[in-house]
Amino acid sequence: MPVAAADGKLAGLPRLGLGLGLRNVHFDAILSGEPQDLWFEAISENFMDSGGRPRAILHAVAERYPVVLHGVSLSIGSTDPLDRAYLASLKRLAQDIRPAWVSDHLCWTGVNGHNSHDLLPMPLTEESLAHVAARVRQVQELLERPLILENPSSYVRFAQSTLSEPDFLRALAEETGCGLLLDVNNVYVSCFNAGSDPIAYLDAFPCERVVQMHLAGHQDFGTHVIDTHDRPVRAEVWELFRIAWARTGGAATLLEWDDHIPGFDDCLAELRKAERYMAGDTVSSGAAECVRGGDGVSNPVGFLIPRAMASVMEDAA
Amino acid sequence: MSVLADMQSRMHAALIDPHADPAAQALFAHDGRLGAAGGLAIYQRGYFLRIAACMREQFPALCHALGRALFDDFVADYIRDCPPERHTLYDLGRRFADWMEARRPDGDAPEAWVDFMIDLARFEYAAFTMFDAEGNEGNVFATSDTADSALRLQPAFALGRYRFPVASYYHAVRRGEAPLLPAPEPCHVALVRRDYITRTVPLSAPHYTFLAAMLAGSDVDAALARISARFGIDPMMARDMWCGAAGSRERWIEWGLFVAVDAGPVKDI
């Protein structure tokens with residue numbers, strides 16, 4: 001797909017407003033209530049190979065709401081060959097669900113035929129840029145749509161990196177026509193851990209390429225923070241959102257919550273806080289809460305099936 | 001190998017085995033709040049904890065049987081020997097039972113509890129797979145009026161044979177009970193899904209043979225002939241087991257085991 005064609009398709013993507021990550025604990029609430037002014041982001045891998053209830057639920061949700069697909073295993077930065085079976089399955093799902101767009105992360109998830117199920121950081125070098133750009137072009141060609149890539153949260157910086165993440169993503173977008181998903185919680189997490197300034201990150205970020213934004217909660221361990229998606233959005237992240245949302249010209253905004261997920265109405269209430277900052281309200285700093293102990297596992301993907309499954313055992317045949 | 005490929009290989013190797021390459025942290029800048037070792041440690045810790053959490057979701061009964069600490073120890077060894085390969089987390093447990101069989105902790109002196117754990121792992125993964133397998137929801141199921149010659153098993157169906165009553169143990173754990181390890185007892189079960197509910201159906205040995213024949217492509221008559229031959233059962237009695245007053249036919253149709261097809265030639269296996 002030529003850059004100009006990708007650019008054109010990108011410009012035509014809708015401004016969806018506020019949305020929620022589609023999680024199994026909310027399935028019944030989403031489908032039983034009156035439709036709201038809302039959209040949903042489905043984790044692609046939770047539905048790609050599904051022949052059971054999750055796929056049926058996604059169909060039903062997509063009939064009532066705009067849906068986007070968000071992947072965690074494209075592994076666009078890996079030096080392994082692109083997984084053609086994965087891409088074919090993703091394309092089938094996209095043809096079936098007709099999402100507003102398809103996104104994934106600037107990361108690699110595995111190498112040498114293995115998958116870590118984590119979003120691992122890229123060395124930000126010219127070699128990586130050329131490598132990722134070539135693969136983005138292949139994916140866009142195959143999916144017949146621009147790919148939307150998200151800045152990941154990170155806990156290390158490769159010693160050989162020569163580019164900043166905003167510069168890397170800007171160059172990638174210009175070379176391929178891909179769009180960007182700006183996760184302001186990831187900006188905060190990565191910058192805090194790197195000891196760098198998140199405002200400077202946003203200043204350098206190509207906000208004009210941003211199609212979507214992510215909000216999420218993280219755990220603050222005092223010495224570092226971890227992107228856990230298990231609690232409300234912190235004040236520092238709301239402030240980044242307030243600044244960035246205006247710069248993107250009103251990008252679609254989505255709340256992710258992947259662990260200790262509250263009820264649907266509580267998630268909606270957290271999401272609706274964004275309206276204050278979209279209206280320009282400044283953020284009052286909340287009391288900092290530091291976590292002592294606990295697992296603090298970064299949470300790139302909710303595992304969907306087990307808690308959604310129902311079963312019975314008969315007495316005899 | 002490119003510089004990028006080398007860096008990714010070394011970082012991934014450091015996730016699978018944190019002690020394999022102490023120099024791996026040299027890949028990373030030492031600045032920042034975490035430093036190279038601290039940052040890498042977050043990925044190493046997250047790798048195991050994330051997969052262990054998913055494995056506990058896939059194998060709740062095995063986790064109950066072993067206790068969480070021992071279960072996690074098994075998982076740590078398992079993913080070191082068999083790192084995840086596919087993009088889907090649902091695939092994590094696919095090789096677990098075979099790995100336990102190959103790496104039995106009882107070595108050359110087999111112990112029954114190990115056999116139970118292996119069988120339980122096999123059943124749990126079969127049950128887990130059934131929840132999201134291709135099924136027949138949205139399509140027509142067979143009814144009691146469907147001719148025997150048109151009955152075929154639906155796609156979301158599986159059979160299992162075990163040395164222990166693993167299905168009842170599994171369902172007891174799913175109900176929140178704390179069952180004791182059972183004594184050995186041969187166990188045949190079918191798993192079938194209808195309306196997105198997975199049903200476990202305990203089977204007698206002849207019932208298992210009957211359904212195994214159908215799973216291999218036989219029609220009802222050929223499957224009945226199979227159990228008559230295998231178990232020395234009079235053909236009339238075999239038919240009575242199928243469609244007599246206490247036969248299985250009506251219940252199995254109600255539970256969604258069968259779809260109706262245009263009856264054509266079938267192979268008699």
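Arg98(A) is exposed, as 11 other C-beta atoms lie within 10 Å. The model is predicted. Arg98(A) sits in the loop between helix H4 (84-97) and strand S4 (102-105) of chain A. Its phi is positive, at about 55°, although Arg98(A) is not a glycine. A second residue of chain A, Asn112(A), likewise has a positive phi without being a glycine, with a value near 60°. Asn112(A) belongs to the loop between S4 and helix H5 (126-143) of chain A. It counts as partly exposed, because 13 C-beta neighbours lie inside 10 Å, and the exposed class ends at 12 or fewer. Most residues other than glycine have a negative phi.

The secondary structure of chain A consists of 11 helices and 11 strands. The radius of gyration of chain A is 19 Å, close to the 20 Å given by the globule rule for 317 residues, so chain A is as compact as a globular protein of that length. The C-alpha trace of chain A extends over about 65 × 45 × 40 Å along its principal axes. Of the 317 residues in chain A, 54% are buried. When contacts in chain A between residues at least 6 apart in sequence are taken, 81% of them join residues at least 24 apart.

Strand S1 (residues 18-21) of chain A takes part in two parallel pairings, described in turn. With strand S10 (residues 252-255) of chain A, S1(A) pairs in the parallel sense over three bridges. Within this pairing, Gly19(A) has Leu254(A) in S10(A) as its bridge partner. With strand S2 (residues 39-43) of chain A, S1(A) also pairs in the parallel sense over three bridges. Here Leu20(A) is opposite Phe40(A) in S2(A).

Chain B is assigned domain 1 (1-94) and domain 2 (134-269). Over C-alpha atoms, the centres of domain 1 of chain B and domain 2 of chain B are separated by 40 Å. Contacts between them involve four residues of domain 1 of chain B and five residues of domain 2 of chain B. The side of domain 1 of chain B that touches domain 2 of chain B comprises three nonpolar residues, one polar residue and no charged residues.

Ala61(B) lies in helix H3 (residues 60-66) of chain B. Ala61(B) is buried, because 22 C-beta neighbours fall inside 10 Å and the class requires 20 or more. Neighbours within four places in sequence aside, the contacts of Ala61(B) are with Leu120(B), Glu124(B), Tyr169(B), Tyr170(B) and Val173(B). Phe141(B), 80 residues from Ala61(B) in sequence, is 31 Å from it in space, C-alpha to C-alpha. Ala126(B) lies in helix H6 of chain B. Ala126(B) is also buried, with 20 C-beta neighbours inside 10 Å. Neighbours within four places in sequence again aside, Ala126(B) is in contact with Ala158(B), Gly160(B) and Leu191(B). Leu159(B) stands 33 residues from Ala126(B) along the chain, and the two C-alpha atoms are 8.9 Å apart.

At the interface between the chains, 60 residues of chain B make contact with 53 residues of chain A. At least two residues of the side of chain B that touches chain A are supplied by each of helix H1 (3-16), helix H2 (35-58), helix H6 (112-131), helix H7 (166-174) and strand S4 (197-203) of chain B. H2(B) contributes the most to that side, with 13 residues. By class, the side of chain B that touches chain A holds 31 nonpolar, 18 polar and 11 charged residues.

Key: Residues numbered from 1 in each chain as written. Chains lettered and ligands numbered in written order. Predicted model: local features only at pLDDT ≥ 70, side-chain atom pairs only at ≥ 80, totals over all residues. Domains from an automatic or database assignment. Contact = placed C-beta atoms within 7 Å. Nonpolar A, V, L, I, M, F, W, Y, C, P; charged D, E, K, R; others polar. Helix = DSSP H or I, 4+ residues; strand = E, 2+ residues; numbered from the N terminus. Rg over C-alpha atoms; globule rule 2.2 N^0.38 Å. Pairing = 2+ DSSP bridges.
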